[in-house]
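My notes follow in the order in which I went through them.

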Amino acid sequence: MFETALDLSLPGTEAPAAVAAADVTRRYGEGESAVEALRGVTLEVPSGQFTAVMGPSGSGKSTLMHVLAGLDSPTTGSVSIGGREITGMNDRELTLLRRREIGFVFQFFNLLPVLTAEENVLLPLSIAGRKPGKAFTDAVIERVGLSDRRSHRPAELSGGQQQRVAIARALVTEPTVLFADEPTGNLDSTTGAEILALLRDAVNAHGQTTLMVTHDARAAATADRVLSSPMAAWPETSSAPTRTRCST
Amino acid sequence: MIRVALRGIAARRLRTVLTALAIVLGVAMISGAFVLSDTMRRGADSLSTASYRGTDAVVDARTAFDVDADEDAATAPTIPASLLERVRAVPEVGTAVGDVTDLQTKIVGQDGKVTGDGPYFGEGIDPSAKGAGALRPFRLEKGRFASGGGEVVIDAGTAEREGYGIGDRVEIAARGPVRGFRVSGIATFGDVKSIGTATFAVFDLPTAQRLLHKPGVYDSILVAAKQGVSKARVRRAVAATLPASARVQSAEAQDRYTLEGLKTFIGWIKAFLLAFGGVAVLVGAFTIFNTLSITVAQRSRELALLRTVGSSRRQVLRSVLLEALAVGAVASAIGVFAGLGLGKGLSSVMASLGLDLPEAGTVFGPRTVIVSLLVGVLVTVLAGLGPALRATRVSPVTVLREGAEIPPGRFGRRLPQIATGLTALAVALLGVGVLAPGLSGGARGGLIGPGALLLFLGVAMMSPRLARPLASVIGRPAERLGGSAGRLARRNAMRNPGRTAATASALMIGISLVVFVAVLGQGVRQSTTGALEKSIKADYVVASTDGYSPIDPGGVRRVAGAPGVRSATGIQQDGARAFGEKVGVNGVDPATIGRLYDSPAAIARLDGRGAIVERGYAKRHHLKVGDRFAITTLGGGRLQLRVLGLDSPPKFNPLGLGKVTVSEATFARHFATERYRLAFVATDGGASGATTHALERQLAGFPDAEVQTSSAFADSQMSWVDSVLGIFYVMLALSVIVSLFGIVNTLVLSVLERTRELGMLRAVGMTRRQVRRMVRHESVVTALIGATLGTGVGLFLAGLVTAAFSDDGLAFSVPVGSLLAFAVVAALAGVLAAVLPARRAARLDPLAALQYE
């Protein structure tokens, strides 16, 4: 479970928060067997910064990310993205929100095997019915260093290359916030470092707001700010009824 | 391992249900075919028993050759009434009565039109003869038997359908103009509930003789033996007293109600329905094969785990086969009983198409159960064999690897060669079966049946190669229409060509048969129109309302006398024997026929001995103009003829006219037929509404005949093509439905397999509607691949058959509109098949989909 004993919001910061959560609780199940993955979490992800959420497996950090990204809804509390309240949005509104405001990078890349690297990158635009210009497409692919791999299928790419495609796919819509869920979890350390550098670069060069969930301290070190679960540090003092494995 | 197999079924419930449905439908069709035909057969048998039980012997005129009532337009000779006394004088004879039976005595309904669709039994009985009741099948339900010239007994079915009761006036068209009778009784045919499209009208004997123009003669004499005298003995005794022109037989052999024809017809229906059941089962086999193949592929890790913990290959094989066996057995059992219902449904389909058949109680024999079960289970297990063998090749190490694929076996690697070989063999079998001269019908069937089956298999095995390019082309419009959903659909269809191909192949079979019959139907239609347009020079044609009965000359004479009619001439038809085989003989009026029907000039010179002979027939028998030849009539008379001219009618002969034509005077001297096959009419001003009306008025007394303009007649000659196509489409629809289950199954399994992808697509902003569209487009692309392959195979088969009948003038004509309609139906079927899988795909929670195992 992920619990913030302290208020992690940043009062007084100039930049408006890209993502904000207020007193978010996520409970699974009911009654006796109910499990709380998040309890009273309040936080803000500042615009233009690289924020990492640290914690071991089962600490609820993935649940936190899913709730913040609108993939899961909080039991209580509220979440807003780019100043818009997303709690209570219906499926269609959430889908359009993900389409326009959010980019995802997953641990297992999740590319479509039937599409080429370039087509995978452009997939979100294609789904939204948008046709990017050639210059734009070239620039995005260039940015992740895959110019010579654009017509390859995922099966013909290495893990690192696949994750680059996934990052380009997340950046291509210029989202308000990019969520990365253990982006290096499935890569060796060298390749992982390259991927982290790419994410870092997106923040530095383009002011891409990024929230990364990781259990790897070295990965977290790339971020501007690290939020960590107190539960991770002092598991014995947990006041939650049960510590459970959640979805990570 | 048994538990593993059964748990597998329980865990994959939807898939199992869909697979089972495919088998249920096929088996139901087979079981239904047996139920329906057994039921009809029992009906026919009880008709037979009811008709002939009390009759120990029948005396009728000896014929020169055997006649098939359904095929030959030959009228049997009669026997003199005086023979009855000689038969009665035989000591072994208990009762003997004269009988007149006719198949063209039509009862007119309340609407003024002929009721029923034949045979139209008309019979004269002598109620005064002692013990005659036992010789008749008729059992009075109400009233009494007819006596005197004004009374008739009609069958209960007609009475109920038309609302006729005792004392009502009913009109009957037999010979001459229609006549009114009073209904004196209503009877059933033994204890048979319905006699299908048949009707009967029973008169007293003198009335029937008068009505049917048979004064002083009988068609037959029915004999019951004295008590204690065997059938054989009475037959021998009667035979001894008969002149050479008469003979004695059993009632069944003599068959005055032509029930043998009915039984043959029922046999045809059975074969027809079983053939369609076989097609449905074949399509079902594809579905089973495909579903099990996909499941085995998806379960490869589970199977590998089983192998790791020590299961042998044999055990894996057994577990997959056992699953197929369990599904097959349960589904077949359900199918057998579903067939009971389907049999009833088929019977009403037949009825709605005018093929009402006699019915007794429903027959559900052990043979039905055994054969249907056996077919269902065997086919399921056979279809499961391939996937089961494939499952054994899962190596234990697969458990450690994600997405590992099962290596193809020896058979799999040789697939392209095997497919090509099978297809070539199929084409060879079909080519020989259809085109080789001098084969018997049975031999042709023996080559064509397996040939078609192999062709389906061969094309299905080749289709993985074709699926990718076809999906690419067919998917393009979908891509245009569906945006990214359409594009992904096209790619998904191309992604696993084997799977797409096997799914589409099931639909291919149904579509190819639909295309096959549509093309042949169009060919027949076009050939018919061409032939009739070329031959008929008349303005009007007079023919029977049912399209096949002969018409009374009285009606034609009335039409000829109408104002504005220049000439009206009928064609008579009978059968004879010449050169050791049966041949149709036409009787025409030499003075007028040439102006109304395309004929050689020599027809005008037809005299007592002259004949016009069809050119092909003449060539076969080495006849030239001026040659003489002899024909023997059914009654045994020999007729010497001289060839006056050769006739070259269009090769396609929709009117079924005979090969030999003589003058009507000659015809009348030698043949018993008086009715016309049809008649042609030329008018002064050509066809017009007023003239049509005038001619119709002339026929007012002949409700069984109708006058049509020549073009309307040509159209009506083709209406049977549409009915036949209708029956075929209904029957093949079942196979198409079975293949739809296959598409649903494949899509459900693909959606399951692509859970993670779908989750990602939803996460990056694909709406539920787009997900549904993607699945739907993939389904439509698959269905259209099936339609394309099916159209190709169907056109090939139709072309082959057309080539075989090109000597008979059958044209090859592609009904483009119909083919497009089939493609649209296939696409719609694809949409329908996608409903459930698309909904499942759209319902996926992106979060759940993204979670790792």
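For sorting lining residues I count Ala, Val, Leu, Ile, Met, Phe, Trp, Tyr, Cys and Pro as nonpolar, Asp, Glu, Lys and Arg as charged, and the others, Gly among them, as polar. By that sorting, the lining of the second largest pocket divides into 17 nonpolar, 9 polar and 9 charged residues.

I note that this is a predicted model, in which local features need pLDDT of at least 70 and side-chain atom pairs count only at pLDDT 80 or more, whereas totals for chains, interfaces and linings use all residues. Residues are numbered from 1 along each chain as its sequence is written, chains are lettered from A and ligands numbered from 1 in the order in which they are written, and side-chain values use heavy atoms, with hydrogens and water left out.

**Pocket.** I took a pocket as an open set of points on a 1 Å grid over the protein atoms alone, where a 1.4 Å probe fits, with protein on both sides within 12 Å along at least five of seven lines, and lining residues as those with an atom within 4 Å of a point. The second largest pocket holds about 780 Å³ of space. Of its 35 lining residues, E614(B), P649(B), K651(B), N653(B) and K659(B) are the closest to its centre. I then looked up the helices (DSSP runs of H or I, at least four residues) and strands (E, at least two), and found that α18(B) gives the most to this lining, with 4 residues.

**Surface patch.** F812(B), V814(B), V816(B) and L820(B) form a nonpolar patch with about 360 Å² of accessible area together; patch residues have over 30% relative accessible area and no salt bridge, and nonpolar side chains are joined within 5 Å. V816(B) belongs to helix α25 of chain B.

I call a residue buried under 20% relative accessible area, exposed over 50% and partly exposed in between (1.4 Å probe, protein chains only). E123(B) is buried at 1%, and R256(B) is buried at 7%.

How values were computed. Grid points are joined across faces, edges and corners, and a volume is the space filled by probe spheres set on the points. Patches are made of residues with over 30% relative accessible area and no salt bridge: like charges are joined within 9 Å, nonpolar side chains (Val, Leu, Ile, Met, Phe, Trp, Tyr) within 5 Å. Accessible areas come from the Shrake-Rupley method with a 1.4 Å probe; for residues, only the protein chains shown count as cover. A salt bridge is a side-chain nitrogen of Lys or Arg within 4 Å of a carboxyl oxygen of Asp or Glu.
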